[in-house]
Amino acid sequence: MPTSQPGAARPSPDRVTPDSLLHTRTGTEVSPEDMVLATGRDLTPRNLEWARRKLDREGPSAIEKLLP
């Protein structure tokens with residue numbers, strides 16, 4: 001079903017993947033750089049330190065909270 005046509009039918013809510021089933025991780029380790037970039041911030045020493053602390057507290061799943 002093309003979505004570029006005006007008035008095209010939208011999928012019903014029961015056919016949409018729920019947020020709890022969506023995953024952003026690829027099985028690789030999440031780095032402080034990944035965390036900073038996920039927030040749209042610059043890779044500065046201050047931002048990298050923030051990301052290190054966040055990863056230490058929350059673990060790799062912390063990036064899940066930053067990405068849609």
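Arg52 is partly exposed, with a relative accessible area of 37% (buried means under 20%, exposed over 50%, partly exposed in between; 1.4 Å probe, protein chains only). The model is predicted: local features need pLDDT of at least 70, side-chain atom pairs count only at pLDDT 80 or more, and totals for chains, interfaces and linings use all residues. Residues are numbered from 1 along each chain as its sequence is written, and side-chain values use heavy atoms, with hydrogens and water left out.

Arg52 forms a salt bridge with Glu49, and the closest N and O atoms are 3.7 Å apart (a salt bridge is a side-chain nitrogen of Lys or Arg within 4 Å of a carboxyl oxygen of Asp or Glu). The two residues lie three apart in helix α2, so about one helical turn separates Glu49 from Arg52. Helices (H or I, at least four residues) and strands (E, at least two) are DSSP runs, numbered from the N terminus. Glu49 is partly exposed, at 34% relative accessibility.

Glu49 also forms a salt bridge with Arg53; here the closest N and O atoms are 4.0 Å apart. Arg53 and Glu49 are four residues apart in α2, and therefore about one helical turn apart. Arg53 is partly exposed, at 40% relative accessible area.

Lys54 counts as buried, at 12% relative accessibility, whereas Glu58 counts as partly exposed, at 26%. The count of salt bridges comes to four.

Helix α1 spans residues 32-39, and Pro32, Met35 and Val36 are buried in it. They lie on the same side of α1 because they cover an arc of only 95° around the axis (the arc is that of the directions from the helix axis to the C-beta atoms). The buried residues of α1 pack against α2, residues 45-58. Gly40 follows α1 and has a positive phi, near 85°.

The chain holds two helices and zero strands. Buried residues make up 19% of its 68 residues. Of the contacts between residues at least 6 apart in sequence, 47% join residues at least 24 apart (contact means heavy atoms within 4.5 Å). The chain exposes about 5,600 Å², and carbon and sulfur atoms supply 52% of that area (Shrake-Rupley method, 1.4 Å probe; for residues, only the protein chains shown count as cover).
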